[in-house]
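Please find below a colleague's note on the model under review. The points are arranged by region, so that each can be checked against the coordinates.

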Amino acid sequence: MRLSEYYLPILKEDPAEAQITSHRLMLRAGLIRQTSAGIYTWLPIGLRVLRRVEDIVRKEQDAAGAQELLMPTIQSADLWKESGRYDGYGREMLRITDRHEREMLFGPTNEELITDVFRQTVRSYRDLSKILYHIQWKFRDEVRPRFGVMRGREFLMKDSYSFDIDFEGAQRSYNKMFVSYLRTFAKLGLKAIPMQADTGPIGGELSHEFIILAETGESEVYCHKDYLTYDVLMEETNYSEDLSETVKKWTALYAATDEKYNEKKANQLKDKLISARGIEVGHIFYFGTKYSKAMEATITGPGGEIIYPEMGSYGIGVSRLVGAIIEASHDESGIIWPESVAPFQVGLINVRSGDTDCDNASNDLLSKLKNAGLDVLLDDRDERAGSKFATMDLIGLPWQVIIGPRGIKNGYIEIKKRDTGEREDISVDAALSIICG
Ligand SMILES: Nc1ncnc2c1ncn2[C@@H]1O[C@H](COP(=O)(O)OP(=O)(O)O)[C@@H](O)[C@H]1O
Ligand SMILES: [Mg+2]
């Protein structure tokens, strides 16, 4: 992609409305624009990142045995009246009336809808266990939408729903999602810690929020220091095996959100206690037969008896993650994308566009990198070198390759790694082999 043609509306100045770094950088680097309070348009470079996050989430859901479907954004109010949540959900729900005066709503979550799909289609215990998920826009009319995509009104969520014939089955499904969440966030370059969260009237231990530590986080959290050194990607995961050991390891030490804060347990950790702010990037929840009973979603058991399936739901804030990754990975010059979600892997800077040697070398390297399967953004604009460097640092691509007249004469180019800032003058071939790694 050539920057001279690319749609990348960057901002030179800090936007006044942005209170936190990720929001400021997402606006400045041309990822999003607000269209009304808490509602955003994703511009091309932002959409690239959103899609890559989505892909990583999807791959790990699939690996865990969850199956993707796509439910609509607009739902019938009748389903929510059946579950008893229509009135209780309050003003956060965007209620809509269609031309026939039917009450509809823009889905803030999908427990009712998936339970309805399930009761229409599943009859026998033989069909369970199942985990179904989709990645779909949600709307919640938040009182205070803020911090950009972190707390939006329209936002992209991955939500999964599990159905099992008994508690043991539900627990196995819960463990699969628990482990898949650990792996998903690690692959996104994040240290997300599962923390005990409120289970409401259901009780029990089966509710965890996955939290990344960040000063700008909205929640107050407490956890054991050692969790920061745990590495989940080192272990192979076979989702058909018993995962309870991994879950045990990740729940043995204290980690809780403020709703579940326990002074005694926290104090016992002494200097091992971290008390910090955190961003909730995922939330998993077992709620038993709450919806299957309320909505009469039954199946028949081996002896013909009626069973109300045990359910759980599992959310990941896909669009929030884009902001959360930036909160975790930036410096004063801009974003530092982890390789796994970067919109392009390489930013090529032609320091002197219009100079025949520089143009030829740039075009040549662009095609070589593309042939090697990399996504490349070439800055071929007629701009000062300083402004090109600043733009590249701002948009945060993992590798920068700088092509200038002096280097070309002497047979070298410069490569720079965005995260460490290390620079090196090397030959084109050496650069290719380093970047293609
Ligand atoms: N207003 C929002 N804007 C962006 N992401 C959100 C918003 N609300 C929830 N999410 C994301 O969706 C995930 C699942 O939502 P859920 O746990 O139901 O939300 P909440 O904890 O706010 O009630 C959350 O962990 C969070 O990452
Ligand atoms: Mg939550």
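1. The model is predicted, and the points below should be read accordingly. Its chain is divided into two parts, with domain 1 spanning 21-335 and domain 2 spanning 346-436. Between the C-alpha centres of domain 1 and domain 2 the separation is 40 Å.

2. Contact between the domains. How many residues of domain 1 are in contact with domain 2? Six residues of domain 1 take part, and they meet four residues of domain 2. On the domain 1 side, the touching residues comprise three nonpolar, two polar and one charged.

3. Shell of ligand 1. Ligand 1 is surrounded by 15 residues, of which Phe155, His283, Gly315, Gly317 and Arg320 are the closest. Which elements each supply at least two residues of this shell? They are the strands β8 (154-164), β13 (273-288) and β16 (310-317), together with the helix α9 (318-328). β13 gives the largest share, with four residues. By class, the shell around ligand 1 holds seven polar, five charged and three nonpolar residues.

4. Helices α1 and α9. Helix α9, which supplies at least two residues of the ligand 1 shell, also packs against α1 (residues 21-28), the two axes coming within 8 Å. The axes of α1 and α9 cross at roughly 110°, which means that α1 is roughly perpendicular to α9. From α1, the residues Thr21, Ser22, His23, Leu25 and Met26 take part in the contact, and they meet Gly323, Ile326 and Glu327 of α9. Sorted by class, this contact of α1 with α9 has four polar, three nonpolar and one charged residues.

5. Three-stranded sheet. One open sheet has three strands in the order β4-β6-β5, and its pairing is antiparallel. Its edge strands are β4 (74-76) and β5 (94-97), each of which pairs on one side only. From one strand to the next, the twist averages 40°. β4 and β6 (residues 103-106) run antiparallel and are joined by three bridges. Within this pair, Gln75 has Leu105 of β6 as its bridge partner.

6. Strands β3, β7 and β8. Strand β3 (residues 67-68) runs parallel to β7 (residues 130-139), and two bridges join them. Glu68 is placed opposite Tyr133 of β7. The pairing of β7 with β8, by contrast, is antiparallel and extends over ten bridges. Here Phe139 stands opposite Glu154 in β8. β8 is also one of the elements that each supply at least two residues of the shell around ligand 1.

7. Five-stranded sheet. A further open sheet has five strands in the order β20-β19-β21-β22-β23, with mixed pairing. β20 (376-379) and β23 (423-426) are its edge strands, each with a single partner strand, so one side of each has no neighbour in the sheet. Neighbouring strands of this sheet are turned against each other by 20° on average, direction ignored. Strands β21 (residues 399-403) and β22 (residues 413-417) pair in the antiparallel sense over four bridges. For Trp399, the bridge partner in β22 is Lys417.

8. At what angle to β19 does helix α10 run? Helix α10 (residues 356-371) lies across β19 (346-350), β20 and β21, and its angle to β19 is about 170°. Helix α11 (residues 385-395) packs on the sheet as well, touching β19, β20 and β21, with its direction at about 175° to that of β19.

9. Two backbone features are listed here for checking. The peptide bond leading from Leu128 to Ser129 is cis, with omega near 10°. Ser129 belongs to the loop between α4 (111-121) and β7. Glu101 is not a glycine, yet it has a positive phi of about 65°. The place of Glu101 is the loop between β5 and β6, two strands of the sheet ordered β4-β6-β5.

Definitions and conventions. Residues are numbered from 1 along each chain as its sequence is written. Chains are lettered from A and ligands numbered from 1 in the order in which they are written. This is a predicted model: local features need pLDDT of at least 70, side-chain atom pairs count only at pLDDT 80 or more; totals for chains, interfaces and linings use all residues. Domain bounds come from an automatic or database domain assignment. Two residues are in contact if their C-beta atoms, placed from the backbone, lie within 7 Å. Ala, Val, Leu, Ile, Met, Phe, Trp, Tyr, Cys and Pro count as nonpolar, Asp, Glu, Lys and Arg as charged, and the others, Gly among them, as polar. A residue is near a molecule or strand if its C-beta atom, placed from the backbone, lies within 6 Å of it. Two strands pair if DSSP finds at least two bridges between them. Axes are lines fitted to C-alpha atoms, for helices over the stretch in contact, and angles run from 0 to 180 degrees between N-to-C directions. Angles under 35 degrees count as roughly parallel, over 145 as roughly antiparallel, 65 to 115 as roughly perpendicular and the rest as oblique.
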